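Welcome! Have a look at the picture, try each task, then read the solution.

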Amino acid sequence: MLIYIDMDDVLCDYTAAFHQAINLTPSIAFPQSQYGFYANLAPIIDAVESVNTLIKSEKFDPYILTAPSNRNPLSYTEKRVWIEKYFGIAFTEKLIICANKSLLKGDILIDDQLSGRGQDKFDGQLIHFGSTAYPNWKSIMNTLNTILARHNNK
């Protein structure tokens with residue numbers, strides 16, 4: 001199963017870092033435009049362990065599918081650096097940076113947004129991370145295992 005996983009607020013805690021930066025330096029309206037913002041984001045609880053489980057699985061083929069920041073051209077590099085830091089150099093080959101997520105074909109997209117970057121037009125199943133149904137990575141992994149079991153029984 002081909003799975004795309006968003007980065008900001010799915011793998012790494014963009015919102016907390018954004019608010020912390022605004023509080024520390026209110027004169028900078030776009031803290032995500034500052035060098036190091038993306039490279040230093042903290043991982044979401046259980047995200048790294050869950051993605052590592054998917055990477056090791058023979059049943060799932062995970063990719064990172066993230067949109068670039070128009071306010072920080074360094075986001076392209078910093079997101080790549082973040083992926084290497086948490087998943088190793090080999091997994092950086094599975095990083096896709098694309099502003100329109102509907103352009104890619106796959107089985108599942110895990111994203112915290114339902115629209116704005118083509119999520120609503122994605123051809124496969126959209127799993128809304130952070131929603132009531134999927135509040136955390138434990139619920140995502142349970143769902144993926146259920147989908148896989150259903151898929152194997154067909």
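**Exercise 1.** Find the strands that α3 lies across, and its angle to β3.

*Solution.* Keep in mind that this is a predicted model. Start from α3: this helix lies across β2 (61-66) and β3. Next, compare directions: α3 runs at about 160° to β3.

**Exercise 2.** Work out the strand order of the sheet and decide which strands stand at the edges.

*Solution.* First, list the strands: 5 of them form an open sheet in the order β3-β2-β1-β4-β5, with parallel pairing. Then look for partners: β3 (95-97) and β5 (125-128) each have a single partner strand, so they stand at the edges and one side of each lacks a neighbour in the sheet.

**Exercise 3.** Describe how β1 and β4 pair, and find the residue opposite isoleucine 5.

*Solution.* Follow the two strands: β1 and β4 are joined in the parallel sense over 3 bridges. Across from isoleucine 5 you will find isoleucine 110 in β4.

**Exercise 4.** Which element gives the most residues to the largest nonpolar core?

*Solution.* Begin with the core, which has 34 residues; Ile5, Leu11, Ile110, Trp137 and Leu144 have the most contacts inside it. Elements giving two or more residues include β1 (2-5), β4 (108-111) and α4 (137-152). The top contributor is α4, with 6 residues. Now zoom in on tryptophan 137: beyond its neighbours within four places in sequence, its contacts include Ile5, Leu11, Ile110 and Phe129.

Terms used
Residues numbered from 1 in each chain as written. Predicted model: local features only at pLDDT ≥ 70, side-chain atom pairs only at ≥ 80, totals over all residues. Heavy atoms only, no water. Core = buried A, V, L, I, M, F, W, Y, C linked by side-chain atoms within 4.5 Å. Buried < 20%, exposed > 50% of the residue type's maximum accessible area, 1.4 Å probe, protein only. Helix = DSSP H or I, 4+ residues; strand = E, 2+ residues; numbered from the N terminus. Contact = heavy atoms within 4.5 Å. Pairing = 2+ DSSP bridges. Axes fitted to C-alpha atoms, helices over the stretch in contact; angles between N-to-C directions.
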